[in-house]
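User: I would like to learn how to read a few local features in a model. Please give the general idea each time, then the case at hand.

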Amino acid sequence: MKEKLQRFMAGRYGADQLSRVYLGITLIFLVISMFTRFMPFYWVALVLLIYTYYRMFSKNISKMYAQNQRFLNARYRRVAKWDAFKKRWAQRREYRFFKCPTCKQRVRVPKGKGKICITCPRCHHDFIKRS
Ligand SMILES: [Zn+2]
(Lines give C-alpha, C1' and ligand atoms only; values in the text may rest on other atoms or scores of the structure.)
Protein backbone atom coordinates (compact mmCIF):
# COMPACT_ATOMS: atom_id res chain seq x y z
CA MET A 1 0.00 0.00 0.00
CA LYS A 2 2.78 2.42 0.97
CA GLU A 3 4.71 1.42 -2.15
CA LYS A 4 1.64 2.02 -4.29
CA LEU A 5 1.27 5.51 -2.85
CA GLN A 6 4.96 6.23 -3.44
CA ARG A 7 4.65 5.09 -7.04
CA PHE A 8 1.53 7.25 -7.47
CA MET A 9 3.26 10.33 -6.04
CA ALA A 10 6.41 9.90 -8.17
CA GLY A 11 6.73 12.89 -10.50
CA ARG A 12 3.95 14.73 -8.72
CA TYR A 13 4.27 17.96 -6.80
CA GLY A 14 3.19 16.98 -3.26
CA ALA A 15 2.45 19.22 -0.29
CA ASP A 16 4.01 22.63 0.32
CA GLN A 17 3.47 25.67 2.56
CA LEU A 18 0.69 27.01 0.31
CA SER A 19 -1.25 23.75 0.42
CA ARG A 20 -0.89 23.69 4.20
CA VAL A 21 -2.47 27.17 4.36
CA TYR A 22 -5.24 26.09 1.97
CA LEU A 23 -5.96 23.05 4.16
CA GLY A 24 -6.10 25.30 7.23
CA ILE A 25 -8.60 27.62 5.52
CA THR A 26 -10.61 24.58 4.40
CA LEU A 27 -10.77 23.34 7.98
CA ILE A 28 -11.89 26.76 9.27
CA PHE A 29 -14.63 26.96 6.64
CA LEU A 30 -15.79 23.42 7.44
CA VAL A 31 -16.00 24.19 11.16
CA ILE A 32 -17.92 27.43 10.46
CA SER A 33 -20.33 25.61 8.15
CA MET A 34 -20.82 22.89 10.79
CA PHE A 35 -21.88 25.42 13.42
CA THR A 36 -23.82 27.84 11.26
CA ARG A 37 -25.33 25.29 8.82
CA PHE A 38 -24.57 27.88 6.16
CA MET A 39 -24.01 25.81 3.01
CA PRO A 40 -21.90 28.28 0.94
CA PHE A 41 -19.06 27.89 3.48
CA TYR A 42 -19.27 24.14 3.00
CA TRP A 43 -19.08 24.48 -0.79
CA VAL A 44 -16.15 26.88 -0.60
CA ALA A 45 -14.34 24.44 1.71
CA LEU A 46 -15.03 21.57 -0.68
CA VAL A 47 -13.79 23.47 -3.74
CA LEU A 48 -10.69 24.59 -1.86
CA LEU A 49 -10.01 21.02 -0.73
CA ILE A 50 -10.34 19.70 -4.29
CA TYR A 51 -8.05 22.47 -5.57
CA THR A 52 -5.48 21.69 -2.86
CA TYR A 53 -5.42 18.02 -3.86
CA TYR A 54 -5.25 19.02 -7.52
CA ARG A 55 -2.12 21.04 -6.68
CA MET A 56 -0.58 18.19 -4.67
CA PHE A 57 -1.16 15.61 -7.41
CA SER A 58 -0.19 17.94 -10.22
CA LYS A 59 2.67 16.91 -12.49
CA ASN A 60 3.31 20.53 -13.48
CA ILE A 61 5.92 20.89 -10.74
CA SER A 62 7.48 24.15 -11.97
CA LYS A 63 4.12 25.96 -12.04
CA MET A 64 3.18 24.77 -8.52
CA TYR A 65 6.65 25.68 -7.28
CA ALA A 66 6.28 29.19 -8.75
CA GLN A 67 2.88 29.61 -7.05
CA ASN A 68 4.37 28.57 -3.72
CA GLN A 69 7.31 30.97 -4.19
CA ARG A 70 4.93 33.88 -4.88
CA PHE A 71 3.00 32.96 -1.73
CA LEU A 72 6.19 32.76 0.35
CA ASN A 73 7.44 36.11 -1.00
CA ALA A 74 4.13 37.81 -0.19
CA ARG A 75 4.14 36.31 3.30
CA TYR A 76 7.75 37.43 3.84
CA ARG A 77 6.92 41.00 2.73
CA ARG A 78 3.99 41.12 5.17
CA VAL A 79 6.15 39.87 8.05
CA ALA A 80 8.92 42.35 7.19
CA LYS A 81 6.40 45.22 7.06
CA TRP A 82 4.93 44.19 10.42
CA ASP A 83 8.41 43.96 11.98
CA ALA A 84 9.27 47.44 10.68
CA PHE A 85 6.03 48.78 12.13
CA LYS A 86 6.79 47.20 15.54
CA LYS A 87 10.26 48.77 15.46
CA ARG A 88 8.84 52.24 14.67
CA TRP A 89 6.20 51.79 17.37
CA ALA A 90 8.87 50.95 19.97
CA GLN A 91 10.83 54.12 19.01
CA ARG A 92 7.83 56.45 18.77
CA ARG A 93 8.72 58.44 21.93
CA GLU A 94 12.24 59.40 20.78
CA TYR A 95 11.80 59.63 17.02
CA ARG A 96 9.41 60.76 14.34
CA PHE A 97 9.15 58.99 11.01
CA PHE A 98 8.50 60.64 7.67
CA LYS A 99 8.34 59.41 4.13
CA CYS A 100 10.37 61.24 1.53
CA PRO A 101 7.86 62.94 -0.81
CA THR A 102 9.85 62.00 -3.93
CA CYS A 103 11.19 58.48 -3.38
CA LYS A 104 8.99 57.30 -0.45
CA GLN A 105 12.08 56.33 1.58
CA ARG A 106 11.21 56.31 5.28
CA VAL A 107 13.31 58.75 7.32
CA ARG A 108 13.78 58.77 11.09
CA VAL A 109 14.42 62.07 12.90
CA PRO A 110 14.74 62.87 16.63
CA LYS A 111 11.58 64.25 18.19
CA GLY A 112 11.12 67.74 19.65
CA LYS A 113 13.63 69.72 17.53
CA GLY A 114 11.03 72.07 16.07
CA LYS A 115 10.82 72.77 12.35
CA ILE A 116 13.71 71.01 10.61
CA CYS A 117 14.94 70.50 7.10
CA ILE A 118 15.30 66.80 6.37
CA THR A 119 17.59 65.57 3.62
CA CYS A 120 16.56 62.18 2.27
CA PRO A 121 19.48 59.75 2.60
CA ARG A 122 18.50 57.98 -0.61
CA CYS A 123 17.69 60.72 -3.14
CA HIS A 124 19.05 63.81 -1.28
CA HIS A 125 15.76 65.66 -1.66
CA ASP A 126 15.19 68.30 1.04
CA PHE A 127 11.84 68.69 2.78
CA ILE A 128 10.73 70.60 5.86
CA LYS A 129 8.81 68.97 8.70
CA ARG A 130 8.02 69.65 12.33
CA SER A 131 9.81 67.04 14.45
ZN1 LIG B 1 14.02 60.46 -1.15
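User: Is K104 buried or exposed?

Analyst: Start with the cut-offs: buried means under 20% relative accessible area, exposed over 50%, and partly exposed in between (1.4 Å probe, protein chains only). K104 has a relative accessible area of 54%, so K104 is exposed. This is a predicted model, where local features need pLDDT of at least 70, side-chain atom pairs count only at pLDDT 80 or more, and totals for chains, interfaces and linings use all residues. Residues are numbered from 1 along each chain as its sequence is written, and side-chain values use heavy atoms, with hydrogens and water left out.

User: Where does K104 lie, and what is its phi?

Analyst: Helices (H or I, at least four residues) and strands (E, at least two) are DSSP runs, numbered from the N terminus. K104 lies in the loop between β1 (95–99) and β2. Most residues other than glycine have a negative phi. K104 has a positive phi, near 65°. H124 also has a positive value, near 60°. H124 lies in the loop between β3 and β4 (126–130). With a relative accessible area of 57%, H124 is exposed.

User: Which residue with a positive phi follows α1?

Analyst: That is G11, with phi near 80°. As for α1 (residues 2–9), zero of its eight residues are buried, so the helix lies largely in the open.

User: How many salt bridges are there?

Analyst: The rule asks for a side-chain nitrogen of Lys or Arg within 4 Å of a carboxyl oxygen of Asp or Glu. The count by this rule is three. E3 pairs with R7, with the closest N and O atoms 3.7 Å apart. These two are four residues apart in α1, and therefore about one helical turn apart. Both E3 and R7 are exposed.

User: Which residue does K86 pair with?

Analyst: K86 forms a salt bridge with D83, at 3.7 Å between the closest N and O atoms. They sit three residues apart in helix α4 (residues 61–90), so about one helical turn separates them. K86 is partly exposed at 44% relative accessible area. D83 is partly exposed too, at 38%.

User: And what does D16 pair with?

Analyst: D16 and R55 meet through their side chains in a salt bridge, 3.2 Å from N to O. This pair links distant parts of the chain, 39 residues apart: D16 is in the loop between α1 and α2, R55 in helix α3. D16 is buried at 5% relative accessible area. R55 is buried at 1%.

User: What is Y22 in contact with?

Analyst: Contact means heavy atoms within 4.5 Å. Leaving aside neighbours within four places in sequence, Y22 contacts L48, Y51, T52 and R55. Y22 is in helix α2 (residues 17–36). Its C-alpha atom is 8.8 Å from that of Y51, 29 residues apart along the chain.

User: How do I read the surface patches?

Analyst: Patch residues have over 30% relative accessible area and no salt bridge; like charges are joined within 9 Å, nonpolar side chains (Val, Leu, Ile, Met, Phe, Trp, Tyr) within 5 Å. Accessible areas come from the Shrake-Rupley method with a 1.4 Å probe, and for residues only the protein chains shown count as cover. The nonpolar patch of M39, Y42, W43, L46 and I50 has about 490 Å² of accessible area together. L46 belongs to helix α3 (residues 39–57). At 32% relative accessibility, L46 is partly exposed.
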